[in-house]
Amino acid sequence: MTLASPHARFASLPSRRWLTAALTSLTLLVTGCATTVLPPDSTSPAPASSAGTTATPPAPSAPRLPSYRLPNDTPLSTIGTAETNLPGVVTLAAPADLWDRIRRGFAMPDLEGDLVRDREQWYATRPDYMQRMTERSSRYLFHIVEEIERRNMPMELALLPFIESAFNPQAVSSARAAGMWQFMPATGQSFDLKQNVFRDDRRDVLASTRAALDYLQQLYGRFGDWHLALAAYNWGQGNVNRAITTNQRQGKPTGYTDLNMPLETRMYVPKLQAVKNIMARPQAYNTTLPLIGNHPFFDTVTLQRDMDVAVIARLAEVEEKDFRALNPSLRQPVVMAAGTPNVLLPWDNAVIFQRNLQHHTGPLASWTAWVVPTTMSVAQAASRVGMSESELRSVNNIPPRMQVRAGSSLLVHRSEHRSSDVPVHVADNGQISFQPEVTLRRTTVKARKGENLTRLANRYGVSPVSVAGWNKLAVNAALKPGQSITLMLPQRAAVAKASDNRKSPAKKTVTASRKAAPSARQPVKAKAKATNSAGKTRVASSGKSDKKN
């Protein structure tokens, strides 16, 4: 046996050490890959902690995802395609004009039928009428479109004044509806449209548009259908409610075309649909629409002081009729800043007005309002304010043979004593009321036994002070029986008094005849009857002779 040398043993020692280290590393690597740390199971008991130490709470378990694996016996379906209804592409190009902008906002469902075709033919065969309507609308349409877009309402509503008033803000119906949107007086008041002697907000462009859109939104919120909302705007909410209830009780549909309604309301939405169709395709109906730019027509100017309409028009360099066309609510020749602080002017003229107003040095207003302190005649009122009676009647539209009642607000010329602007409570609530003038007639009456002047005045319904002045007596002066007193009585009362005086002698004759023979009753009655008849004949005869004279 041959033994290895010591040198060989020492030479193989590093190789063995290296081999041992490599094997150890490989063993640890394999062990680490094969070992998996499982999350703690909520059902397994927690490991006991050693004394004096606190156990570490287990980490929360990760959420388990549902399994989407199908059973082996379930066949797979064939992959197919589906159709989707995507909205149309909205162009980013600006509208060519206001008509194009209106068309893009149409959102109501179309109404079909013979009534619509009938109205289309009616409008298409009246090109002059359509031209006047559309030209008149050019002043107001941009503002209406702006308001409808701001409220996200259907743009068909911008065409509603064509149906209501042909875009005439001065239009008045037989039922007293007024303005572009045709508000009744009571409905206008419920939507804060002031109606007084100085202005009527039912005709105001801004105020009436605001009120009309508020009302239409309210009706749509009630019925949930724009056609029914329009029917209620024309016919009244209560009537539409009753018509719907009637159909519901009978098991009938409750749409616009299903309700029983007046002919005017039945034609209302077809009219609007016809105008919509013509505006959408004017060439198809041989109609030419005037160009209306997609920009404001007017601007709003705020007044700080009362100003005459003539002064505003002159400073704005516009005709007064053009100013009133934009401000149709004004009833008087003066604009009261407390009641109408904003006026409308054509866009460019608003700038001119502001520039000219800064250099204006003369008076701004020559009119003001005067509240009548007591009921008086027009002549008396004219004398108090330094105007002629005819001018005062003309400016305030006072009918003949009428007195002005206390509390009425009259438009009068400014003076040293009346030079301030009209206060807000008068500008917002000014009214004028009248009462018939009474024609007085001088009449002489006789005092009764034990009667004084006050009692006599009360008997004829006149003031004791006035009676005392007419007769130059004291108010409580004692009167002798039969004393003549002069009264100024209304003409009818005076005629009635004269008739009573004519009949009184007959009554006295009857009384005397009855007292003539107290013991013979039958003869007395016969005699009294005959005398009474004679008395009546005398009165009638007297009346006839008076008529002849």
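**The buried interior**

A: Of the contacts in the protein (heavy atoms within 4.5 Å) with a separation of 6 or more, 67% are accounted for by residues 24 or more positions apart. This is a predicted model, in which local features need pLDDT of at least 70 and side-chain atom pairs count only at pLDDT 80 or more, while totals for chains, interfaces and linings use all residues. Residues are numbered from 1 along each chain as its sequence is written, and side-chain values use heavy atoms, with hydrogens and water left out.

The protein has 22 helices and 10 strands, taken as DSSP runs numbered from the N terminus (helices H or I, at least four residues; strands E, at least two). Of its 549 residues, 38% are buried, where buried means under 20% relative accessible area, exposed over 50%, and partly exposed in between, with a 1.4 Å probe and protein chains only. The accessible surface comes to about 34300 Å², and carbon and sulfur atoms hold 53% of it; these areas come from the Shrake-Rupley method with a 1.4 Å probe, and for residues only the protein chains shown count as cover.

The largest nonpolar core has 66 residues, among which L141, F183, L216, L230 and Y233 touch the most other members. Such a core is a set of buried Ala, Val, Leu, Ile, Met, Phe, Trp, Tyr and Cys residues joined through side-chain atoms within 4.5 Å. Helix 8 (residues 205–223) gives the most to this core, with 9 residues. Beyond its neighbours within four places in sequence, L230 is in contact with M108, L157, L160, L216, Y268, V269 and L272. Another core, of 24 residues, lies apart from the largest one and includes M336, V372, V378 and M387.

Helix 4 (residues 127–137) has M130, M133, T134 and S137 as its buried residues. Seen down the axis of helix 4, these fall within an arc of 90 degrees, so they line one face of the helix, the arc being that of the directions from the helix axis to the C-beta atoms. Their cover includes helix 2 (98–104), helix 3 (114–124), helix 5 (141–151), helix 6 (160–164) and helix 12 (268–280).

Within helix 5 sits R151, which is buried at a relative accessible area of 15%. Apart from neighbours within four places in sequence, R151 is in contact with R210, L213, D214 and Q217.

On a 1 Å grid over the protein atoms alone, a cavity is a set of points where a 1.4 Å probe fits but cannot get out, whereas a pocket is an open set with protein on both sides within 12 Å along at least five of seven lines, and lining residues have an atom within 4 Å of a point. Grid points are joined across faces, edges and corners, and a volume is the space filled by probe spheres set on the points. The lining of the largest cavity is formed by F198, R199, L330, Q332, V334, V335, M336, G339, T340 and A427.

The largest pocket has a volume of about 450 Å³, and of the 19 residues lining it, E164, Q182, Y233, N234 and E264 are the closest to its centre. Helix 6, helix 9 (226–235) and helix 12 are the elements that give two or more residues to that lining, the largest share, 4 residues, coming from helix 9.
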